Amino acid sequence: MQDPTPSVPDPTTPGTPPTPDPTTPGTPPTPDPTTPGHDIPPAPEMFTWEFATDPYPAYGWLREHSPVHRTKLPSGVEAWLVTRYADAKQALADQRLSKNPAHHDEPAHAKGKTGIPGERKADLMTHLLNIDPPDHTRLRRLVSKAFTPRTVAEFAPRVQELTDSLIDRFAEKGEADLIHEFAFPLPIYAICDLLGVPREDQDDFRDWAGMMIRHGGGPRGGVARSVKKMRGYLLELIHRKRENPGEDLISGLIRASDHGEHLTENEAAAMAFILLFAGFETTVNLIGNGMYALLRNPDQRERLQTSLAAGESELLDTGVEELLRYDGPVELATWRFATSPLCIGGQDIAAGDPVLVVLAAADRDPERFDDPDRLDLGRRDNQHLGYGHGIHYCLGAPLARLEAKAALATLLRRLPDLRLGADPADLRWRGGLIMRGLRTLPVEFTPPSHRR
């Protein structure tokens, strides 16, 4: 689930500040050569465009030399970064780390420096990313039935229909931007269908969602305005569903509320909001990052195509899990705040301190995964943390996996000679703190009508 921390400046635009020096906030301190251990290599810079392109060397340095590391983020908030797998798994399940920003010792959340921009002003705070048990337990139970394996499997034909229709739009062009023309609209339309948003209104959601994932790249205040518009629409839709319910998720939330689950109207709106918000960007990035990894690793891509051509599904199943581990859609787990003093990885954490678990670093920990920097679609021992761990494990993971499998398999079958349409060095990753995803993914291929 996403956190819209202000974006890292794009070096291609005028007025970009110079590259930070080693004293810049967000840069791990360089060891003092007069102290023991002075042979430690210099700490890499963090939160630059170079870091966004490939953060894994920096995370490797942190895992080895400062595994629970206090840093100042680009927003100005100081937080602990947890980078080793064992520590990350412990922290994700530790009930002393609260999701409620009220436990933060600074009013950073009120200033929009943590959480989703505009959610406080739009009165959309009461969702799963900001609450703890027992409220979290109650609200999660209400929506969990929409994401059971059986329910998701029943949704598979619609996902396949969306996947094919989106590919149909660009297949004869011989080129496409797989982010904007495919990976982005697919989960938006899917989650809108699941929530019960009428087809004629879904393009509005696509526009609002597009503004929300730009992380500062759009007009000033655009994210907050999109959040406000989305809330207004959802409240109106809830009223309509109460009068004329269907078999969708919003109708289900209303029915649960009417049968004594005590779900307020605002909780229903906040729940629908976070399901939409969190339910699409993770999948956008899973599809985008996954296809990019396959294009950069042609041996693994060919291996998967051969398996699909033989009518097999096992490698696709393990492959999606490996893509989640190798370069997953969620770089850091969403904000947690210590409710009491605790110790993680030998490091004391004070009450009120923010803690960010670096999933991307944990999932390449050589203490847990053999040869972790290698993409291996057949990897078996793969208990990655790509969708979290514990009571806050991603609710929509089954749907995201379904969408990713349909998307990747259909692209590779229908466009078998798919290839990158740009130099990898020219690609840009979206700024932000929590999510990891490409801004664009240009590809080229032979149109189906031109094949012999």
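**Entry 1: two helices**

I looked up how helix α12 (residues 298–309) and helix α15 (residues 397–414) pack, and found an angle of about 85° with the axes 10 Å apart. Helices here are DSSP runs of H or I of at least four residues, strands are E runs of at least two, and both are numbered from the N terminus. Axes are lines fitted to C-alpha atoms, for helices over the stretch in contact, and the angles run from 0 to 180 degrees between N-to-C directions. I therefore put α12 down as roughly perpendicular to α15. That word covers 65 to 115 degrees; under 35 counts as roughly parallel, over 145 as roughly antiparallel, and the rest as oblique.

From α12 the contact takes Arg-301, Leu-304, Gln-305 and Leu-308, and from α15 it takes Ala-409, Leu-412 and Arg-413. Contact means heavy atoms within 4.5 Å. I sorted the residues of this contact into four nonpolar, one polar and two charged. For the sorting, Ala, Val, Leu, Ile, Met, Phe, Trp, Tyr, Cys and Pro are nonpolar, Asp, Glu, Lys and Arg are charged, and the others, Gly among them, are polar.

I then checked the length of α15: its 18 residues should span 26 Å at 1.5 Å a residue, and the end C-alpha atoms are 25 Å apart, which agrees. The expected span is 1.5 Å times one less than the number of residues. The helix α15 is mostly covered, with 14 of its 18 residues buried. Buried means under 20% relative accessible area, exposed means over 50%, and partly exposed lies in between (1.4 Å probe, protein chains only).

**Entry 2: what I am working from**

The model is predicted, so I note that local features need pLDDT of at least 70 and side-chain atom pairs count only at pLDDT 80 or more, while totals for chains, interfaces and linings use all residues. Residues are numbered from 1 along each chain as its sequence is written, and side-chain values use heavy atoms, with hydrogens and water left out.

Of its 452 residues, 57% count as buried. Among contacts between residues at least 6 apart in sequence, 73% join residues at least 24 apart.

**Entry 3: salt bridges**

How many salt bridges does a search of the whole structure find? The search gives 27. The criterion is a side-chain nitrogen of Lys or Arg within 4 Å of a carboxyl oxygen of Asp or Glu.

I looked at three of them. Arg-96 and Asp-94 meet at 2.8 Å, N to O; Arg-96 is partly exposed at 35% relative accessibility, whereas Asp-94 is buried at 11%. Arg-240 and Glu-236 meet at 3.6 Å, N to O. These two are four residues apart in helix α9 (residues 222–243), which means that about one helical turn separates them. Arg-240 is partly exposed at 33%, and Glu-236 is partly exposed at 43%.

Arg-374 and Asp-371 meet at 2.9 Å, N to O. Arg-374 is partly exposed at 39%, and Asp-371 is partly exposed at 45%. I also noted a network in which salt bridges with shared partners join Arg-158, Glu-161, Asp-193 and Arg-199.

**Entry 4: positive phi**

Most residues other than glycine have a negative phi. I found a positive phi of about 45° at Asp-371, which is not a glycine. Asp-371 sits in the loop between α14 (359–362) and α15. Phe-47 also has a positive phi, near 65°. Phe-47 lies in the segment before α1 (49–53) and is buried, with a relative accessible area of 14%.

**Entry 5: two single residues**

Where does Ala-333 lie? I found Ala-333 in the loop between α13 (314–327) and β5 (336–338). Ala-333 counts as buried at 9% relative accessibility. Not counting residues up to four places away in sequence, Ala-333 touches Leu-92, Leu-356, Val-357, Leu-359 and Ile-434. Ala-333 and Leu-385 are 52 residues apart in sequence and 9.4 Å apart in space, C-alpha to C-alpha.

Thr-446 is in the segment after β10 (442–444) and is partly exposed at 24% relative accessible area. Leaving aside neighbours within four places in sequence, Thr-446 contacts Asp-417, Arg-419 and Arg-451. Between Thr-446 and Glu-172 I noted 274 residues of sequence separation and 8.1 Å in space, C-alpha to C-alpha.
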